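Some notes on this model follow, point by point. Please read them with the structure open.

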Amino acid sequence: MNSLSERIFGDPLLYDAVQRAAGLERLRRRLSPILGHLGPGTLLDVGAGTGSFYGLLPPHVKYVPLDIDRRKLDRLRDTHKGLNGVVASATALPFDDDSFDYSLCTNVAHHLPDADLDLMVVELGRVTRKQLVFVDALRVNRLASRILWSIDRGSHARSYEELVERLTSRFASQLAEAFTLRHSYLL
C-alpha cells in the first residue's frame, strides 16, 4: 500500500466520505432489519473498514471487525472506544472453525480475483456457524454502473449469477436478491 493512490484513497476520512457519497446510508437502511434481528451471538465483519454497520447490531451481538487496512480499523477504534479490530485477509481468516454465529461481508468481493474470492467463500463457510450476510456491487449494463465501475478501486465486478453460484457452493441461500442504490447489488 505504498502507491500515492492507495495512500490517498485508503485514508479513513476520505474512505468514509466516499462511502457516504456512494449511498452508505441507503445501504445501512437496507441492512438494518436484517442485522437488527440477529439473535444473541458473535458477528465477524469481514472488510469492516471503519465499522459502518456496527451501530445496526443489537447489543446482544458481539462485534469483531476485520480488515486488511490497519488505518481503517484505527479510525473504528477511535470512533468506538474499546473496539479493537483484527488486521487480516479475508482469504486466510485467523480464527478456529465455527468461531462466529454470523458473518457480514460487504463490498469486498469485487476487490478479489476469482481464486481469492473462492478462498474467501471457503473461509467464511469455515468460521460461520449460522448465517452469512453478504453484499457486493454487481456488474450490470447500465450507464450509471459503467461510470461507477470506471472510478471504483475494485476491478473484479461480477454478475448476480456469478456471485450466487460462488456463494451457494458453500452456503444454503435463504434469500438472494438484487437491488440498486447507485450501483446494483447482490444481498
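1. Start at the end of the sheet. β6 and β7 run antiparallel and are joined by three bridges. Ala178 has Leu186 of β7 as its bridge partner. Strands here are DSSP E runs of at least two residues, helices are H or I runs of at least four, and both are numbered from the N terminus.

2. A word on the basis. This is a predicted model, in which local features need pLDDT of at least 70 and side-chain atom pairs count only at pLDDT 80 or more, while totals for chains, interfaces and linings use all residues. Residues are numbered from 1 along each chain as its sequence is written, and side-chain values use heavy atoms, with hydrogens and water left out.

3. The whole sheet is open and has seven strands, in the order β3-β2-β1-β4-β5-β7-β6, with mixed pairing. Its edge strands are β3 (86–87) and β6 (178–180), each pairing on one side only. Two strands count as paired if DSSP finds at least two bridges between them.

4. Helix α4 (residues 70–79) lies across β2 and β3, at about 150 degrees to β2. α5 lies across β1, β4 and β5, at about 150 degrees to β5. Axes are lines fitted to C-alpha atoms, for helices over the stretch in contact; angles run from 0 to 180 degrees between N-to-C directions.

5. Which residues touch the most other members of the largest nonpolar core? They are Leu44, Met120 and Phe134, in a core of 25 residues. Two or more residues each come from β1 (41–46), β2 (61–67), β4, α5 (114–127), β5 and α7 (160–168). α5 gives the largest share, five residues. Such a core is a set of buried Ala, Val, Leu, Ile, Met, Phe, Trp, Tyr and Cys residues joined through side-chain atoms within 4.5 Å. Buried means under 20% relative accessible area, exposed over 50%, and partly exposed in between (1.4 Å probe, protein chains only).

6. Leu44 deserves a look. Beyond neighbours within four places in sequence, the contacts of Leu44 include Val64, Leu66, Phe95, Tyr102 and Val127. Contact means heavy atoms within 4.5 Å. There is also a second, separate core of 22 residues; among them are Leu38, Leu56, Tyr102 and Val133.

7. Now α7. Its buried residues are Leu163, Arg166 and Leu167. Seen down the axis of α7, they fall within an arc of 95 degrees, so they line one face of the helix. The arc is taken from the directions from the helix axis to the C-beta atoms. These buried residues pack against α5, β5 and β7 (184–186). The face turned away from the buried side carries exposed Glu161 and Glu165.

8. Is Asp101 buried or exposed? Asp101 counts as buried because its relative accessibility is 9%. Asp101 sits in strand β4 (residues 100–106). Leaving out residues up to four places away in sequence, Asp101 touches Pro40, Gly41, Thr42, Thr128, Arg129, Lys130 and Gln131.

9. Pro40 lies in the loop between α3 (24–36) and β1. At 59% relative accessibility, Pro40 counts as exposed.

10. Finally, check Leu138, in the loop between β5 (128–137) and α6 (143–151). Leu138 is buried, at 2% relative accessible area. Its C-alpha atom is separated by 6.5 Å from that of Leu186, 48 residues apart along the chain.
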